[in-house]
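Reader: I'm just starting out with protein models, and I'd like a close look at one part of this one. Could you walk me through how a pair of neighbouring helices sits together?

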Amino acid sequence: MAIASNINPYQGIPKGDNPFAQITDNVARVAEAPKPHIVWYISFGFALLLLSMFGGSIAYMVWNGIGVWGNMLPVAWGFPIVNFVFWVGIGHAGTLISAILFLLRQNWRTAINRFAEAMTIFAVICAASFPGIHIGRPWLPYWMFPIPNQMGMWPQFRSPLEWDVFAVGTYATVSILFWYMGMIPDFASFRDRATTTVRRVAYGIVAMGWRGSSRQWHRYERAYLLLAAFATPLVLSVHSVVSFDFATSQLPGWHTTIFPPYFVAGAIFGGFAMVQVLAVPAREFFGLKRIITIRHLELMNKVILATGMLVGYAYGMEMFIAWYSGALYEQFAFLNRAFGNFAWAYWTMIFCNVVSPQVFWFKKARTNVWITLLVGVIVNVGMWFERFVIICTSLTRDFLPSSWGAFIPTPVDYMTLSGSFGLFFTLFLLFCRYLPMCAISEVKAFHPAAHEHAHH
Amino acid sequence: MSEDQHSPETPETAPLHGVLAEYNTPGEILEAARVIRDAGYTKWDTYTPFPVHGIDAAMGIKMTRLPWIVLCAALTGLATAILLQWWTNVIDYPFVISGKPMWSIPANVPVMFELTVLFSAFAALGGMLVLNNLPLPSHPLDLKERFAKSTDDKFFLLITAADPVFDDKDTRELLQSTHPAVLDDVPEDRQTSDKLPRFVVYGMIILTVAALIPFAFFAKARMTQTRDPRIHVIWDMDFQPKYKAQRENPLFEDHRAMRLPLDGTVAVGHLKTDDHLNKGLVDGVFARTFPRDITPSSETIERGQERFGIYCAPCHGYSGAGDGMVHKRAAALQEAGVAGSWVPPTNLQQQTLYEQPVGQLFDSITNGVRNMPAYGHSVSVEDRWAIIMYLRALQRMRVASLGDLTPEERSALK
């Protein structure tokens, strides 16, 4: 593709004597360094602290029951489901980068796809923990799966909640397979560079004896293409199915057909923002500036701008349809969103998701790491509030004023939410330390040096 | 060379595995691959740090079967999803939810799609590994220290000695003509055993057996019976600090856990102001007429006959003569000297009962009389009156004559 090949982030970077060895060295050095950067230790300590808070708050909840949360009718969903939708959404950027951009031949993705995929998996792990604890009896989540049991009962496949189990489960599994397959050649690189027996054996086992034979590469590339081709509709399906949890109900503010595309756009938007939040410090502290260039950050900022506008369009279209439908309850639901009990949350969401990305119209903002990082954080806050607004405004103000209620989160709610970031960052920091952070072989394959003399 | 350190045999004495050529750029290896392909070699391969663009054509690699394997897996996934949802929700455990049909394609599409993708993804990765003969723990090339660069920045071409076209001299010359950076021999790997180390084999056997132990306990628990209460790992809400009905509660003066209703409380539908209907009394005296709410009709009598058959006939007999099954059995036991005293049920056909007011019969059914227990709690007011109406018909039958019939009925009898 002509357009795609124009986007080469490595153009203008002086080529060394041996670009391939430099790429291997750049990525492998992170995992081989005897001691990581001091920032890694500080972040890891902080992440572990948050993780223990996550474990502690969940243990407290399991012991005492879900009464320790703010969940109370009419808001039976509350924070756990807000957090679930938030984390599932974060994951989408990883699959988008690894699968959709692959099919679209956007070769600049190779620098960021590996840790975007890692981010996907860790985000899905965080997401999956929330429905697991939200069921109230966390020792019975296997009831959600079609396992033959002594009760003679089966899950109910006509429910969107059951579709969710399959969608998120498949998504997590396929993401892990995709991620692992991508890492096999890089594990082989690590194995062949290993200076200690432990490293050679450990990376040797996970590399499964990969030796880079061209006959193997042929099948490998075909398998990668197939996985990408399946992951593309899969990633679009996952957040669509998550949105069905809302859209197939009768509740004003939930019962809308725009939800599936709107959720998917929002997921990509929030996910790319999270990639930025992780990429900016990672390239700074792990010496990956030559692999993840400013051009990469700029391209991702363009995606954030575009998907932010899509999300803004969806917010506007929801309002329009509410008015245009003539449905009294629908109109009230949306007026209430903007001016009712949670108006502050609504306008926070509008500012974070619609207003803040507008700075990316300017090249100076797109290529500034500080602005990139700041907007990334703001967008993530905004995307969390989007889910909060959808769930809490609709549930607290439905058809009958007699069934209206309030939602007041408890300290345990806040601890579980912030603790989930601990789980996410702990896994991510371990990944940065021990696994190939960038797709070494893919970056090499799309490096200009790989194409010299290629055509005779 | 480093392999000498490991090897009891020198490379010269070990049989030749193949000849390895090393190149510095992807362009060089592409050129070399074309030469080897055109020379008719079949058992050879190139090893590169990344998939070199155009190497498939340069080596003449045929399209893999992998997509067909994945297609089969996709269809299997789809069929599994359809069968799973249909069998569990339509056949094995059908129930209606929100008035939805038991089976409809749209509601089952999401799971069909997800399982199709799931099976395909496993087939893509698993198929790739199996077709690539992975995992492959050892290879003669591993003994070449230089070969470690194949996953870094160097490009290698190996022609194995097993190739039919392989010739000790010609092959080397052909490779030399492609200007490799290095060209040398790869000996067979004699010291790396193909077999797993013994401790790994035993370890795996022990782990496999250990993994089955919990399942053996599950199986035992399912096949045997025990009088012990079940082990409460999770208490759920099985033990709650609360008072149950019919239990003692020291908090109240009367020690009843169940509280009595306040004086004068009337449950919905239990006000019962009509004494004639509910007690069989008119001005405090047993009524001689049926209450207004009870319609004298053949339906009422048939209803009464049915209820009489259930509640009265076991003792009083179907004719009302006091010769029901219970009486017969009790009388037989008494005669045999097994049972003690037995008060025979009243003969409903005797004159006194014939003359008894219906209100008194109602009272006897409701509250019981002598040995007969009360039936007020189990037979509704309407049914009690229906039974009495049937009883009146039964009594009338005993003293009826041909003259009571209509001419038509009489002619029907002939």
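Author: Let's start with a term you'll need: a crossing is called left-handed if the near helix is turned anticlockwise from the far one by less than a right angle, and right-handed if clockwise. Keep in mind that this is a predicted model. Now take α6(A) and α7(A), whose crossing is left-handed. Helix α7 covers residues 197-207 of chain A, and α6(A) packs against it at an angle of about 155°, with the two axes 8 Å apart. Angles over 145 degrees count as roughly antiparallel, so that is how α6(A) and α7(A) lie to each other.

Who does the touching? On the α6(A) side you'll find A:Ile184, A:Phe187, A:Ala188, A:Phe190 and A:Arg191, while α7(A) brings A:Arg200, A:Tyr203, A:Gly204, A:Val206 and A:Ala207. Sorted by class, the residues of this contact come out as seven nonpolar, one polar and two charged.

In all, 54 residues of chain A are in contact with 60 residues of chain B. As for the predictor's own scores, the complex gets an ipTM of 0.92 and a pTM of 0.78.

Terms used:
Residues numbered from 1 in each chain as written. Chains lettered and ligands numbered in written order. Predicted model: local features only at pLDDT ≥ 70, side-chain atom pairs only at ≥ 80, totals over all residues. Contact = placed C-beta atoms within 7 Å. Axes fitted to C-alpha atoms, helices over the stretch in contact; angles between N-to-C directions. Helix = DSSP H or I, 4+ residues; strand = E, 2+ residues; numbered from the N terminus. Parallel < 35°, antiparallel > 145°, perpendicular 65-115°, else oblique. Nonpolar A, V, L, I, M, F, W, Y, C, P; charged D, E, K, R; others polar.
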